[in-house]
Amino acid sequence: MLRLADKTAIITGGAGGIGRATGKLFAEEGAHVILVDLDESGLQDVVQSIADENVGYVVADTTQPDQVQRFVNAAVERHGGVDIFIANAGIEGEVNSIIDTPVEMFEKVMSVNVRGVWLGLKYVMPLMRERGGGSIVITSSAAGVQGTVGMSPYTASKHAVIGLMRTAALEGASMGIRVNTVNPSPIHTRMMRSIEEQRVSKGGEGYTTVEEAQNAVVEGNPLGRYGEPEEVGKLMMFLASDESSYCNGGVYMVDGGTTAGRV
């Protein structure tokens with residue numbers, strides 16, 4: 001039996017690596033999937049690559065209430081409601097010290113990574129309550145449980161969504177809604193490439209090539225490699241499915257052991 005048969009899932013950040021992989025896995029397990037992103041061409045590419053009639057998309061800015069309401073309404077109009085919400089949209093911002101980080105950059109990262117998640121919870125949870133429950137998975141990060149030099153806005157935002165998750169898990173429990181975070185890193189995605197390239201261009205850590213920066217990441221990982229988006233998607237699949245029916249309020253690392261010695 002398909003693990004997500006007849007379930008409706010909204011996945012924000014749907015044009016990115018983790019969103020794409022998760023959408024494909026969910027569709028293969030029988031879900032109706034709505035991918036959400038600002039990048040329409042990216043969304044079209046993902047939908048075409050998955051090639052499943054149960055996968056569609058909505059172009060939306062997750063920081064704007066009316067646009068969040070719009071993609072939630074689309075789920076109701078197309079499939080009757082929402083059973084699974086993957087709050088995955090996020091940006092890395094600039095690699096800079098706290099002193100050198102522009103105020104505008106801090107506000108932008110917090111808006112996408114925190115406000116966007118909060119708005120998703122605000123508009124999705126009432127619909128899940130009407131359906132008798134559901135599962136919400138928020139993408140945090142290894143940076144959500146430890147400090148990260150040069151990435152104060154991102155680190156603060158990923159700590160913050162764990163707090164949102166814990167509150168939502170407590171408030172949602174009586175509605176049959178489970179809420180958890182998945183905390184990835186390092187994963188082969190556009191975001192990691194951006195961070196590596198910035199670390200090289202800034203020059204403060206001594207890397208002269210992206211390859212050097214990547215080698216340092218691999219050497220610092222107990223499993224000695226990057227993770228793949230599909231490995232994050234499989235954890236999201238478990239948390240979205242009924243197999244995780246007693247999992248609520250949890251912080252689930254998918255980082256190859258990177259944070260094991262630091263927490």
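Visitor: In which helix is Val210 found?

Guide: Quick background: this is a predicted model, where local features need pLDDT of at least 70 and side-chain atom pairs count only at pLDDT 80 or more, while totals for chains, interfaces and linings use all residues. Residues are numbered from 1 along each chain as its sequence is written, and side-chain values use heavy atoms, with hydrogens and water left out. Helices (DSSP runs of H or I, at least four residues) and strands (runs of E, at least two) get their numbers from the N terminus. Val210 is found in the helix made of residues 210–219, which is H7.

Visitor: Is Val210 buried, exposed or partly exposed?

Guide: The scale goes like this: buried is under 20% relative accessible area, exposed is over 50%, and partly exposed is in between (1.4 Å probe, protein chains only). Val210 has a relative accessible area of 27%, so Val210 is partly exposed.

Visitor: Which residues is Val210 in contact with, leaving aside neighbours within four places in sequence?

Guide: Contact here means heavy atoms within 4.5 Å. With those sequence neighbours set aside, the partners of Val210 are Glu196, Glu197 and Val200.

Visitor: How far apart in space are Val210 and Ser194?

Guide: In sequence, 16 residues separate Val210 and Ser194. Going C-alpha to C-alpha, their separation in space is 9.8 Å.

Visitor: What about Glu196: buried or exposed?

Guide: Glu196 has its place in helix H6, residues 190–202. Beyond four places in sequence, Glu196 touches Val210, Ala213, Gln214 and Tyr226. Its relative accessible area is 2%, so Glu196 is buried.

Visitor: How many helices and strands are in the secondary structure of the chain?

Guide: Buried residues make up 52% of the 263 residues in the chain. The secondary structure comes to 8 helices and 7 strands.

Visitor: What radius of gyration does the chain have?

Guide: The radius of gyration is taken over C-alpha atoms, and the globule rule is 2.2 Å times the number of residues to the power 0.38. Along the principal axes, the C-alpha atoms fill a box of roughly 55 × 35 × 35 Å. For 263 residues, a compact globule would come out near 18 Å, which agrees with what the chain has: 18 Å.

Visitor: Among contacts between residues at least 6 apart in sequence, what percentage join residues at least 24 apart?

Guide: Gly13 and Gly90 are 77 residues apart in sequence, yet 6.9 Å apart in space, C-alpha to C-alpha. Across the chain, taking contacts between residues at least 6 apart, the share that join residues at least 24 apart is 69%.

Visitor: Where is the place of Gly13?

Guide: Gly13 is buried, with a relative accessible area of 12%. Gly13 touches Gly19, Val36, Asp37, Asn88 and Ala89, not counting residues up to four places away in sequence. The place of Gly13 is in the loop between strand E1 (8–12) and helix H1 (17–28).

Visitor: Which residues does a cis peptide bond join?

Guide: Look in the loop between E6 and H6, where Pro186 lies. Ser185 has its place in that loop too, with a positive phi of about 150 degrees although it is not a glycine. With omega at about -15 degrees, the cis peptide bond joins Ser185 and Pro186.

Visitor: Is Asp6 buried or exposed?

Guide: Asp6 sits in the segment before E1. Asp6 is not a glycine, but has a positive phi of about 65 degrees. Its relative accessibility is 62%, so Asp6 counts as exposed.

Visitor: And Ser244: buried or exposed?

Guide: Ser244 is in the loop between helix H8 (229–240) and strand E7 (251–254). Leaving aside neighbours within four places in sequence, Ser244 is in contact with Arg178, Phe238 and Leu239. At 1% relative accessibility, Ser244 counts as buried.
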